[in-house]
Amino acid sequence: MNQPSRVFLAISFACLFTCGCGDSKKPEAPPAPGGVTDARPVPSGKGKRIGAVLPMFSHPFFVAQKQGLEDKAKELGYEIDVRDGQDDDLKQITQVEALLNRGIDMLILCPRDEDALVPAVEAANRANVPVVTLNRRVNGGKVVTYVGADDAEGGRQQGETLAAALKSTNGGLIIYLQGTQGSSPQRKRNDGLQSVLKQHPEIVIADDRFTNFSEDKAKSIMTDLVRRHTRGTIRAIVTQADELAVPALEVARGEGWTDTFVIGFNGNKAAFEEIRLGHMLATILQDPVKQGAAAVSAAVDHLNGKAVPSDVITELVLITKANLDKHAPAY
Amino acid sequence: MSSGSTPEPSKRIPWRTLFVRLPQLALAVLALVLMLRTERFFTPATLGSILTLASIVGVLAAGQTFALIGGGFDLSQGAALALTAACTATLAKQGVHPVLCACAALAVGLLLGAINGGFVAIVRTNPFVTTLSTLLVYRGAAFLLLAGRPITGIRSFEPLNEGITIAGTFLPYRGFVFLATAAIAWIILRQTVFGQYVYATGGNAEAARLAGVRTTRVKILSFALSGLAAGLASILLLSWIRLAKPDTGEGYELDSIAACVVGGVSLQGGSGSVLGAAAGCLLLQSLATLITMSGFPDEYRKLVTGAVILVFAAADALARRSERA
């Protein structure tokens, strides 16, 4: 009974593969506009294509980063194709391979995972396409340069802000809401924070939870935690993202925890607003638009034969009520 | 009711069937036109990479076919993949021989599948509920085993990631493993007595039991084979990305079910073919690659993929309805 559907599939795939073979015999047959790899076009930006793959489009940070990449490429006159890693290591590799097959002159990769995306970099190396890693590093393959912030430094800035804020009460208990367990920003930001906390034994983490960087998870965990700890015992809530800080803050304030310090990361609009209102102590601003632009600049420099430093570190800014008006939110 | 083993009533040209299958046909033609218009899509390199990229979900889909045809449903495949990968990676890191690691992966997969089968066939819990629960159990166990940290740098299965170069096109062995799995699964389902029992059990378990089929055993085995596929998929995965993470393969069970649906495997049990599932998997991967290579915006990816699956499912349902009338 499924014969017909199978027949259709079989036919379509037979066509698919035979056509593929047909093409392979005479590769010069279709005069494809501007896509054939040999006979590289004039060294101006025109005709050169940059491929970029971000970890996901479902997070505003990466949506802003995509904007940064596209705007800068347009400004410099390069074609750019930004793709969605769909929050999955394997799917992100798939996207890289598809772009390589399509034919790109440069790859900008923001890996979802530093280890899992090594095969993607190796595939680009095999295809002789230079790679720029953005925002997160990759632990293998050949990479031209890394463009991004130092997450560990951000964690240290959080720790120092926390230590300063808790000086008057001589430390105390804190809640730590981390991102996705095992992900690179989670590990790096945690390393940075822990390195500061080691010097401050008076600050004790009472609860340390993973939230997958998602608002709903943060809110539900925080709802449980306000039941677990009585009002006034928790001195501060440190989070690895503003997406966790703002929901946690809402729950805490709803329980009357008004003197609990809240520290976030990323610097989004909601966090800026909470800092302005004095509900939140600080956040660490990293600008995805600027990062994206810097990655495109580095890629273009490399394509034009200019030397590019092996690390392009974009700055992280500690945002408090004092310097809030001097900066714009990241997204 | 709908049994794949009954002979077709007539050999006339099935115009009516063709008409009913029009949406699928139109979609296949449309996809073909888009592929032809996409620069550099029909190159051996691109097609080879589609085959390789489809291999992991393809192996899962081959296993899923057994569960579905046997009247079951396996939602735990992605989690079973993560758990077997975690176990295998732990062994590999301790210097266990790669062949033993591979055997362990297959054994763990088989066991995890058999647990599903045992609950469904003996305890008689609903397959959906059973595998939804074991999805959480297996995923949770993988988290605990790895303590949230990835195990990286696993080189045990690297030979599988190598391949052969045919006419300048590099084809990793993983693609061949997928094709071989599909072929073996097809032989088991179509050419063995056990295969006939799986169809019979999925089509009408009570009738099969009365006819002397040991349906409990068949059910357990069909789920166990789905787990075995997850074990094999975990080997392919480790050979490729060389690390095990707690969130590896999240949602792959849905990809494998989607491949089966597109390939015409019935969710009611008792009908379908593993070759259909393999073709469905290749079609969905082609679609994914096509979306990227044609420059079609990624924001539409989910919507388009879902719509394609729905069209195939709807066409299949309509065809069945008209055949029954």
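Chain A has ten helices and twelve strands. The model is a predicted one. Of the 331 residues in chain A, 50% are buried. Take the contacts in chain A between residues at least 6 apart in sequence: 74% of them join residues at least 24 apart.

**Domains of chain A**

- Chain A splits into two parts: domain 1 covers 46–149 + 288–314, and domain 2 covers 151–285.
- The centres of domain 1 and domain 2 of chain A, taken over C-alpha atoms, are separated by 31 Å.
- Where the domains of chain A meet, six residues of domain 1 are in contact with six residues of domain 2.
- On the domain 1 side of chain A, the residues touching domain 2 are three nonpolar, no polar and three charged.

**A buried valine, V296(A)**

- V296(A) sits in helix α10 of chain A, which spans residues 288–303.
- Is V296(A) buried or exposed? V296(A) is buried, because 28 other C-beta atoms lie within 10 Å, and 20 or more count as buried.
- Leaving aside residues up to four places away in sequence, V296(A) touches I50(A), L69(A), K72(A), A73(A) and L76(A).
- V296(A) and Y78(A) are 218 residues apart in sequence, but their C-alpha atoms are 9.3 Å apart in space.

- Most residues other than glycine have a negative phi.
- D87(A) is not a glycine, yet its phi is positive, near 55°.
- D87(A) belongs to the loop between β2 (79–84) and α3 of chain A.
- With 18 other C-beta atoms within 10 Å, D87(A) is partly exposed.
- N135(A) is not a glycine either, and its phi is positive at about 75°.
- Where is N135(A) found? N135(A) is in the loop between β4 (131–134) and β5 (145–148) of chain A.
- N135(A) is buried, because 26 other C-beta atoms lie within 10 Å.

**Helix packing between chains: α3(A) and α14(B)**

- Helix α3 of chain A (residues 89–102) packs against α14(B). Their axes are 9 Å apart, at an angle of about 55°.
- At that angle, α3(A) and α14(B) are oblique to each other.
- The crossing of α3(A) and α14(B) is right-handed.
- From α3(A), the contact uses T94(A), Q95(A), A98(A), L99(A), N101(A) and R102(A). From α14(B), the contact uses A288(B), T289(B), T292(B) and M293(B).
- The residues of this contact of α3(A) with α14(B) are four nonpolar, five polar and one charged.

**Helix packing within chain B: α3(B) and α14(B)**

- Helix α3 of chain B runs over residues 44–53, and helix α14 of chain B over residues 274–293. Their axes come within 9 Å and cross at roughly 125°.
- The crossing of α3(B) and α14(B) is right-handed.
- T46(B), I50(B) and L53(B) make the contact from α3(B). L282(B), Q285(B), S286(B) and T289(B) make it from α14(B).
- The residues of this contact of α3(B) with α14(B) are three nonpolar, four polar and no charged.
- T289(B) of α14(B) takes part in the contact with α3(B) and in the contact with α3(A).

Conventions. Residues numbered from 1 in each chain as written. Chains lettered and ligands numbered in written order. Predicted model: local features only at pLDDT ≥ 70, side-chain atom pairs only at ≥ 80, totals over all residues. Helix = DSSP H or I, 4+ residues; strand = E, 2+ residues; numbered from the N terminus. Buried ≥ 20, exposed ≤ 12 C-beta atoms within 10 Å, placed from the backbone. Contact = placed C-beta atoms within 7 Å. Axes fitted to C-alpha atoms, helices over the stretch in contact; angles between N-to-C directions. Left-handed = near helix turned anticlockwise from the far one by under 90°. Nonpolar A, V, L, I, M, F, W, Y, C, P; charged D, E, K, R; others polar. Domains from an automatic or database assignment. Parallel < 35°, antiparallel > 145°, perpendicular 65-115°, else oblique.
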